[in-house]
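Welcome! Please take a moment to look over the sequence and the model below.

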Amino acid sequence: MDAMKSFLLAYFIPEKCYDEFFVRLQLFHVPCLRIALRKTLGIWVMLGSLTAKLPQMFKVVGAKSSEGLSLPSSLVELYAAAGTVAVQIGRNFPLDAWGDSLFILVQMVVITFLILHYRGHTVRGLAFLLLCCCLLCVLLFCTLPRLVLTAVQVSIAPTVIVSRLLQAWTCFQIGHTGQLSALSIFLRFAGSQAQLISSALEMGELTKILPYAIIYCSDGLLAAQMLCYWGRGPGLKKKVE
């Protein structure tokens, strides 16, 4: 019982809410329910972010092909990941606040390299890795000017939306999803849904929630494409044509 209490207090609810739920048995205490829901959604978003890219990497390596993956989309998303890390470091957040963002950034670097490698541009891919290592050193050990950090922070949400739309456009053009991982797409869609609900609970203002809503819709577009093009590939497309 003590272990469960410690776990709940560490990750989900403060002690006053533990007393409301388990001592006074007020299971529908609204403020505490909001706290518990917000904490649960936050953990889901973090876990989804950490794992969403791994199935994509494994699928590309397993198929030895990056067909269907948009290089511009990956580069734009890479900027968004790097911008998130830069802003969090620049705001002097502790490592546990931006470590997951750094892990996402590394995954995006690997995926972009794999796209280049399996398209026959391995030398460019290696040069790209070297450039990313240099930029990562700059992010970790140099503090960007506050004005730059503000501009980067404002641009992150639009950049994420653009990356999703670029990938959706690529799938539409080729008529299938290629080596896009369904698991990665649906994990990201679920994560954006959790992030939208969490931001609605925390902020409440439409103008602040709107970017998350648009990101959720763009992730939904990719999820819908995954379902619509399920089982289709280049061979099937040529056959249909």
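Here is a briefing on this structure, grouped by topic.

This is a predicted model, in which local features need pLDDT of at least 70 and side-chain atom pairs count only at pLDDT 80 or more, while totals for chains, interfaces and linings use all residues. Residues are numbered from 1 along each chain as its sequence is written, and side-chain values use heavy atoms, with hydrogens and water left out.

**Overall fold**

- The protein has eleven helices and zero strands, where helices (H or I, at least four residues) and strands (E, at least two) are DSSP runs numbered from the N terminus.
- Of its 241 residues, 39% count as buried; buried means under 20% relative accessible area, exposed over 50%, and partly exposed in between (1.4 Å probe, protein chains only).
- Among contacts with a separation of 6 or more, 76% join residues 24 or more positions apart, a contact being heavy atoms within 4.5 Å.
- The protein exposes about 13700 Å², and carbon and sulfur atoms supply 70% of that area, computed by the Shrake-Rupley method with a 1.4 Å probe, where for residues only the protein chains shown count as cover.

- Helix H9 covers residues 182-202, and its 21 residues reach 30 Å from first C-alpha to last, close to the 30 Å expected at 1.5 Å a residue; the expected span is 1.5 Å times one less than the number of residues.
- The buried residues of H9 include Ile185, Leu187, Arg188, Leu196 and Leu201.
- Lysine 64 lies in the loop between helix H4 (54-63) and H5.
- Phi of lysine 64 is near 55°, a positive value in a residue other than glycine, whereas most residues other than glycine have a negative phi.
- Is lysine 64 buried or exposed? Lysine 64 counts as exposed because its relative accessibility is 58%.

**The second largest pocket**

- This pocket has a volume of about 360 Å³. On a 1 Å grid over the protein atoms alone, a pocket is an open set of points with protein on both sides within 12 Å along at least five of seven lines, a cavity is a set where a 1.4 Å probe fits but cannot get out, and lining residues have an atom within 4 Å of a point.
- Grid points are joined across faces, edges and corners, and a volume is the space filled by probe spheres set on the points.
- Of the 21 residues lining the second largest pocket, Ala82, Leu105, Leu135, Leu136 and Leu139 are the closest to its centre.
- Helices H5 (71-90), H6 (95-117), H7 (122-141) and H8 (146-174) each supply at least two lining residues, with the largest share, nine residues, coming from H7.
- The lining divides into 20 nonpolar residues, one polar and no charged. Here Ala, Val, Leu, Ile, Met, Phe, Trp, Tyr, Cys and Pro count as nonpolar, Asp, Glu, Lys and Arg as charged, and the others, Gly among them, as polar.

**The cavities**

- There are two cavities of 30 Å³ or more.
- About 200 Å³ of space lies in the largest cavity.
- The largest cavity is lined by 18 residues, and Lys53, Gln56, Glu77, Leu180 and Arg188 lie nearest its centre.
- The lining of the largest cavity has seven nonpolar, seven polar and four charged residues.
- The second largest cavity has a volume of about 40 Å³, and the residues that line it include Ala86, Leu139 and Cys142.
- H5 gives the most to the lining of this second largest cavity, with three residues.
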